[in-house]
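Good morning. Please look at the structure on the screen while I speak about its charged side chains.

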Amino acid sequence: MQNIQEAAAAFLACKRVAVTGVSRTPKTHGSNNVYRRLRERGYEVFAVNPNTGQVEGDRCYPDLASIPGGVDAVVIGTRPQIAEDTMRECAELGIKQVWMHRGPGAGSTASL
């Protein structure tokens with residue numbers, strides 16, 4: 001089993017990364033910070049939020065399957081009920097690199 005450093009290195013080796021839970025109100029969501037940091041570091045990053053078509057000035061996708069060409073990795077930054085569905089979608093799409101962002105409160109992992 002990988003340790004946290006090995007897991008992080010494997011994840012960060014992926015260059016096409018989707019971030020779920022990115023919000024239209026970026027000051028209140030950690031997913032937006034993750035999205036910006038990855039973009040600033042040269043990753044090809046895709047925002048995922050089914051409730052809007054644009055976030056941070058970029059196109060936003062309703063789900064992972066809608067991203068043209070797919071992605072290599074996903075950062076899940078949504079509440080637990082949605083995170084579970086996103087994990088299923090990752091499995092269906094064959095996405096093996098998934099990182100659950102631990103936000104304030106229960107974070108994404110409370111029910112998983």
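The count comes to 5 salt bridges, where a salt bridge is a side-chain nitrogen of Lys or Arg within 4 Å of a carboxyl oxygen of Asp or Glu. Side chains of opposite charge can pair when their charged atoms come close. This is a predicted model, in which local features need pLDDT of at least 70 and side-chain atom pairs count only at pLDDT 80 or more, while totals for chains, interfaces and linings use all residues. Residues are numbered from 1 along each chain as its sequence is written, and side-chain values use heavy atoms, with hydrogens and water left out.

Let us begin with Glu44 and Arg16, whose side chains form a salt bridge at 2.9 Å, N to O. Glu44 lies in strand β2 and Arg16 in strand β1, so the pair ties together parts that are 28 residues apart in sequence. Strands (E, at least two residues) and helices (H or I, at least four) are DSSP runs, numbered from the N terminus. Arg16 is buried, at 18% relative accessibility, whereas Glu44 is partly exposed at 42%. Here buried means under 20% relative accessible area, exposed over 50%, and partly exposed in between, with a 1.4 Å probe and protein chains only.

Which residue forms a salt bridge with Arg36? The partner is Glu56, with the closest N and O atoms 2.6 Å apart. Arg36 lies in helix α2 and Glu56 in the loop between β3 and β4, so this pair ties together parts 20 residues apart in sequence.

Finally, Arg39 and Asp58 meet in a salt bridge at 2.5 Å, N to O. Arg39 belongs to helix α2 and Asp58 to strand β4, so parts 19 residues apart in sequence are tied together.
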